[in-house]
Amino acid sequence: QAEFLNTFVESIWSEFTPLAIKTNSINLGQGFPDWIPEEFTTKALVEQANTPQNHQYTRARGDLQLVNAISDLYNSNKEIGFQEQLDPLTNILVCNGANDGLYISLCSFINPGDEIICIEPYFDVYPTGIVMAGGVPVFVPLRPPKNPGPNISAQEWTLDESELRATITPKTRGIIINTPHNPTGKIFSKEELEMISHVVVENNMIVFSDEVYEFLVFGDNKHVRIANLPEMWDRTITICSSGKTFSVTGWKIGWLIGCKQVINTVGLYNQYKVFCVSTPLQRSVATCIRQSMDGQYFSMIQNRFKDRYQQLSQLLEEHKLKAVKVDAGYFCLVDVSGVNFPYDQNSDVPRDYQFCRWLPVEVGLAAIPTSAFYSEKNKHLAGNYVRFAFCKKKESLESARQAFQKLS
Ligand code: PMP
Ligand code: GLN
């Protein structure tokens, strides 16, 4: 195998999802909805599958039906969209989900040895994506509050400007940000993004902005796009995914948004990597977007996620476990420091990993160890938090009640 693969290990998804299945556990680990997707989504797929013209290659940068739907969605509502008027032909590249979009972006902009900053905790594919593109990941943590109060919120995980600036070297090329954030559920505020954008502009960097949870924002919270801040449009690639928004994570249709030059660059790379992405699935997503543009679907799904978060945090609270308050997304962190389990203090395996390996086997519940989202050096910062997914049916969450009982 190639040398860079010698540093790669089995991903958390390859370990914890099979473990959940093998132990027949309630899976609050991997972030996929366990409900049947809305009828309009599956109907769109059936209709597109039944249309004979839909089964050949399509335009390399994205099927016209889809890029038109995406630009109409963002252009029709500047509050959720981009300050720039998007041109469907020059500002969008369709990819195989956000993971692929991130990889295409990194490969298109990284020269060997370039350093890319990753904010910890990060979605697990960032550092490996940087390495695959020939770059070097450099880490800077979000710091949790030193003395957390009883109602700790994801907003309290913050990025320190001086720590960020200390990571900059002559080799720094870019930064990956993720808002709304996996795994904390934090939305980066405008002020935080402004601070990052100043560092980016001063150091002539590129931003890879993973915004897959852009439409899953709760209550009055607002998703802020770094691409919309001054001087950022030309140096930001925004990475989006239909899987999260429409509860169809298996469709793997995502897209990149950027200025013409950025999309030309990623398009140049992508035509040789994959050429184009599945035609019927792209057209199905186009239909889904069109059908949700009146906003009703988005508010319905936001409310559903918020309700599920509240249901989970109440269930946890009944059993003296505390979920961190989240503002968006699929996940929340839960402090399990008070839970007794056979923890081996002499092992190199972090406590949260030991907990998440024990949990399905002994309690019939699956969660994800937060230290998986940290570099080796900073795994200790994960503390006693594990990640629970609340993108699950009411009944699935309810059925976790008995499991939580065993933890209290
Ligand atoms: N980024 C983040 C932050 C995620 O949580 C996920 C989860 N799937 C992805 C990217 C990947 O998205 P996709 O399934 O569209 O590749
Ligand atoms: N994004 C999802 C999560 O964080 C799933 C990721 C995956 O399966 N690769 O749980």
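Colleague: Quick one to start: which residue in strand 14 stands opposite Pro369?

Modeller: That's Val386. Strands here are DSSP runs of E with at least two residues, helices are runs of H or I with at least four, and both are numbered from the N terminus.

Colleague: Before I go on, what kind of model is this?

Modeller: It's a predicted model, where local features need pLDDT of at least 70 and side-chain atom pairs count only at pLDDT 80 or more, while totals for chains, interfaces and linings use all residues. Residues are numbered from 1 along each chain as its sequence is written, and chains are lettered from A and ligands numbered from 1 in the order in which they are written.

Colleague: Thanks! Back to Pro369's neighbourhood: in what sense do strand 13 and strand 14 pair?

Modeller: Antiparallel, over 2 bridges, with strand 14 covering residues 385–389. Two strands count as paired if DSSP finds at least two bridges between them.

Colleague: And what holds paired strands together in general?

Modeller: Strands of a sheet pair through backbone hydrogen bonds, in a parallel or antiparallel way.

Colleague: What's the strand order in that 4-stranded open sheet?

Modeller: The order is 10-11-14-13, with antiparallel pairing. Strand 10 (322–323) and strand 13 (368–369) are the edge strands, each pairing on one side only.

Colleague: How about the open sheet of 8 strands, what's its order?

Modeller: That one runs 2-9-8-7-6-3-4-5, and its pairing is mixed. Strand 2 (92–95) and strand 5 (158–159) each have a single partner strand, so one side of each is left without a neighbour in the sheet.

Colleague: Which helix packs on it, touching strand 2?

Modeller: Helix 9 (residues 260–273), which also touches strand 8 (236–241) and strand 9 (254–257). The direction of helix 9 makes about 30° with that of strand 2. For angles like this, axes are lines fitted to C-alpha atoms (for helices, over the stretch in contact), and the angle runs from 0 to 180 degrees between N-to-C directions. Contact means that C-beta atoms, placed from the backbone, lie within 7 Å.

Colleague: Staying with that sheet, how many bridges link strand 3 and strand 4?

Modeller: There are 6, in the parallel sense, between residues 115–120 and residues 136–143. Ile117, for instance, has Val138 of strand 4 as its bridge partner.

Colleague: New topic: which residues surround ligand 2?

Modeller: Trp13, Gln30, Gly31 and Asn182. A residue counts as near if its C-beta atom, placed from the backbone, lies within 6 Å of the molecule.

Colleague: Then how many residues surround ligand 1?

Modeller: 14, and the closest are Gly97, Ala98, Asn99, Phe123 and Ser241. Helix 4 (residues 97–109) gives the largest share of that shell, 3 residues.

Colleague: Where are the cis peptide bonds, say the one with omega about 15°?

Modeller: That one joins Asn182 and Pro183, and Pro183 is in the loop between strand 6 (172–178) and helix 7 (190–202). Remember that Asn182 is also part of the surroundings of ligand 2. Another cis peptide bond joins Glu120 and Pro121, with omega about -5°. Pro121 is in the loop between strand 3 and helix 5 (125–132).

Colleague: Last one: which residue has a positive phi although it is not a glycine?

Modeller: Lys252, with a phi of about 55°. You'll find Lys252 in the loop between helix 8 (242–245) and strand 9.

Terms used: Two residues are in contact if their C-beta atoms, placed from the backbone, lie within 7 Å.
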